[in-house]
Amino acid sequence: MGALSDRMKKAGWPIVRERNGSWVVYASQAREYRYDPSTGWSVPEKDLAAALENDLLEIQQGRLSAIRTLSRTTALNHARKPSQPIVRVCQDGRVDGKRVLHLGTGLDRFAKDALLKAGAVSVDDYDPNFYPNRSVLDSTYDVVLCNYVLNILTPAERRLVYDDIAACTAPQGSAYLCVQGKWPVLNKHRVVRKHEDGYLIRDTNVPTFRKGYDSQELIDEVCGLLHGTAELVCMFYNNSLVQWRPDKPKAGKASPIILNGKMEPRMNTNKR
Ligand SMILES: C[S@@+](CC[C@H](N)C(=O)[O-])C[C@H]1O[C@@H](n2cnc3c(N)ncnc32)[C@H](O)[C@@H]1O
């Protein structure tokens with residue numbers, strides 16, 4: 001385990017010790033490897049090493065990021081009911097009769113049932129660490145839900161999520177984006193230091209990224225990166241839920257992107 005663990009950390013693979021003394025390692029694409037001190041790895045070590053080298057190569061080539069894989073540790077375990085933004089869109093009748101994409105589902109395991117009960121025609125999940133089937137992103141949806149994802153990603157990773165939101169929201173559809181506020185980021189987490197446009201925090205044994213938004217900041221970011229209109233739906237304490245509706249795209253119009261924490265212009269190419 002020891003020789004591999006440094007490279008696993010570099011790849012953003014969270015390493016978790018279980019009560020029985022064994023270890024679970026979470027790789028990209030929702031893959032899990034177990035290590036039992038008496039029996040060894042759950043797969044041949046050479047296969048694990050090959051998967052690890054592949055992730056590190058993809059990171060080096062800019063096709064994967066360690067922060068994306070590591071971000072699985074930010075997923076709250078919703079043990080009894082769906083998250084607040086899911087409850088809210090259901091209560092408001094915003095998914096009734098709609099095809100829904102849940103982007104960054106994490107462990108919001110009651111969401112799908114709640115959405116279907118509230119009248120959603122279908123619900124597809126995508127999360128690189130829990131529901132890694134990217135083919136669901138080839139469709140467009142009447143409603144795209146993306147809760148507490150943008151605020152755990154660095155600007156470059158966030159931009160990819162905005163690209164997915166733009167590509168998957170039908171022209172007459174809406175996306176609902178919920179983010180954490182500034183106060184909880186600074187007061188409810190152990191902040192290590194500033195990082196890009198947010199902070200590195202250390203709630204578990206691995207540091208992850210957090211950005212706190214006030215509502216206007218999220219609206220400005222959404223409108224700066226996507227064509228369309230954005231407005232506040234409601235607040236959950238300090239956290240904001242914003243609705244975005246796309247405009248019909250205008251050919252050749254330049255839209256800004258975020259690069260290294262700074263806005264820069266680009267042509268609008270929504271598909272990765
Ligand atoms: C703080 S959790 C939120 C989970 C869930 N939406 C909720 O409200 O409980 C953030 C989630 O974003 C996921 N994530 C990270 N990168 C992503 C990406 N590029 N696209 C979609 N989800 C992503 C992580 O795997 C993690 O499950």
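Which residues does leucine 115 touch, not counting residues up to four places away in sequence?

## Leucine 115 and the cores

In this predicted model, leucine 115 touches Ile86, Cys90, Val95, Val100, Ala120 and Val123, leaving out residues up to four places away in sequence. Leu115 sits in the largest nonpolar core, a set of 43 residues. It's among those with the most contacts inside that core, along with Val100, Val144, Cys146, Ile165 and Leu177. Apart from that core there's another one, made of nine residues, and Met8, Ala11, Trp13 and Tyr35 are among them.

As background, nonpolar side chains tend to be buried together in soluble globular proteins.

## Around the ligand

The ligand has 24 residues surrounding it, and the closest are Thr74, Ala75, Gly104, Gly106 and Asn129. Sort that shell by class and you get eleven nonpolar, nine polar and four charged residues.

## Helix 6

Helix 6 covers residues 155-168, so to speak for 14 residues. From its first C-alpha to its last, helix 6 reaches 20 Å, close to the 20 Å expected at 1.5 Å a residue.

Its buried residues are Arg158, Tyr162, Asp164, Ile165, Ala166 and Cys168. Ile165 has already come up, as one of the residues with the most contacts inside the largest nonpolar core.

## Glutamine 172

Strand 8 spans residues 169-179, and glutamine 172 lies in it. Glutamine 172 counts as exposed because it has 9 C-beta neighbours inside 10 Å, and the cut-off for exposed is 12 or fewer.

Glutamine 172 is also 52 Å from alanine 3, C-alpha to C-alpha, with the two residues 169 apart in sequence.

Terms used
Residues numbered from 1 in each chain as written. Predicted model: local features only at pLDDT ≥ 70, side-chain atom pairs only at ≥ 80, totals over all residues. Near = placed C-beta within 6 Å. Nonpolar A, V, L, I, M, F, W, Y, C, P; charged D, E, K, R; others polar. Core = buried A, V, L, I, M, F, W, Y, C linked by C-beta atoms within 7 Å. Buried ≥ 20, exposed ≤ 12 C-beta atoms within 10 Å, placed from the backbone. Contact = placed C-beta atoms within 7 Å. Helix = DSSP H or I, 4+ residues; strand = E, 2+ residues; numbered from the N terminus. Expected span 1.5 Å × (residues − 1).
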